[in-house]
Amino acid sequence: MPEVIFNGPEGRLEGRYQPGKEPNAPIAIVLHPHPQFGGTMNNQIVYNLFYMFAERGFAVLRFNSRGVGRSQGMFDHGIGELSDAAAALDWLQVINRESRGCWIAGFSFGAWIGMQLLMRRPEVEGFISVSPPENLYDFSFLAPCPSSGLIIHGDKDRVAPPTSVQKLVDKLKTQKGITIEQQIVEGANHFYEGKIDELTTRCADYLDRRRQEIAAGGGR
């Protein structure tokens, strides 16, 4: 798991990168929660999702957005963080030019950033959005959502309440040509205390299933 430094819009960005097992391995980036509330690339959920992709042969990157850890710059309320995520995906694509398949995963604030990035990148074939805070951020840009994905959240979440996540899911499920899968982790709060293993297993099962469908020609 080499430490990497790559150029972002406001200077250096710090990350951890696991190369793929094959030259044409799919790629994935994992986006961390809100930096002003302690969110970093070492968040346990981000860490687990990173290894979930790595164990499946992906070339995978997690990184600190501007102003976090050794990454340069200052917090920019999501605008700059989206630019950082785009730069991270650019870097990952440059060093994996033969890659087949691209995934984005994010937790909380990172889910919001990830779904915005999704709108800019038609090559993304799937996403995993953990506890997207629909009540705190504007998700209206998902019109239409360009690819299928998983939205997973806890029924005891007070940061991203189930009712607000449900609004987002209901809106996306009306769109044609994609499939949004919703999963609810019973007893889980926003940080999945005591439930991280279950969360990771569910995400892994979804990823395995979707990749089999894509390999069989099941589309996006």
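Which element gives the largest share of the lining of the largest cavity? I found that α3 does, with three residues; helices (H or I, at least four residues) and strands (E, at least two) are DSSP runs, numbered from the N terminus.

I note that this is a predicted model, in which local features need pLDDT of at least 70 and side-chain atom pairs count only at pLDDT 80 or more, while totals for chains, interfaces and linings use all residues. Residues are numbered from 1 along each chain as its sequence is written, and side-chain values use heavy atoms, with hydrogens and water left out.

I looked up the cavities and found two of 30 Å³ or more. On a 1 Å grid over the protein atoms alone, a cavity is a set of points where a 1.4 Å probe fits but cannot get out, and lining residues have an atom within 4 Å of a point. Points are joined across faces, edges and corners, and a volume is the space filled by probe spheres set on them.

For the largest cavity, I read a volume of about 70 Å³, and its lining includes Leu31, His32, Phe63 and Glu81. Both α2 (79-94) and α3 (109-120) supply at least two residues each. I sorted this lining into five nonpolar, three polar and one charged residues, where Ala, Val, Leu, Ile, Met, Phe, Trp, Tyr, Cys and Pro count as nonpolar, Asp, Glu, Lys and Arg as charged, and the others, Gly among them, as polar.

The second largest cavity has a volume of about 30 Å³, and among its lining residues I found Ile104, Met115 and Phe127. Two or more residues come from each of β5 (102-107), α3 and β6 (126-130).

Key: On a 1 Å grid over the protein atoms alone, a cavity is a set of points where a 1.4 Å probe fits but cannot get out, and a pocket is an open set with protein on both sides within 12 Å along at least five of seven lines; lining residues have an atom within 4 Å of a point.
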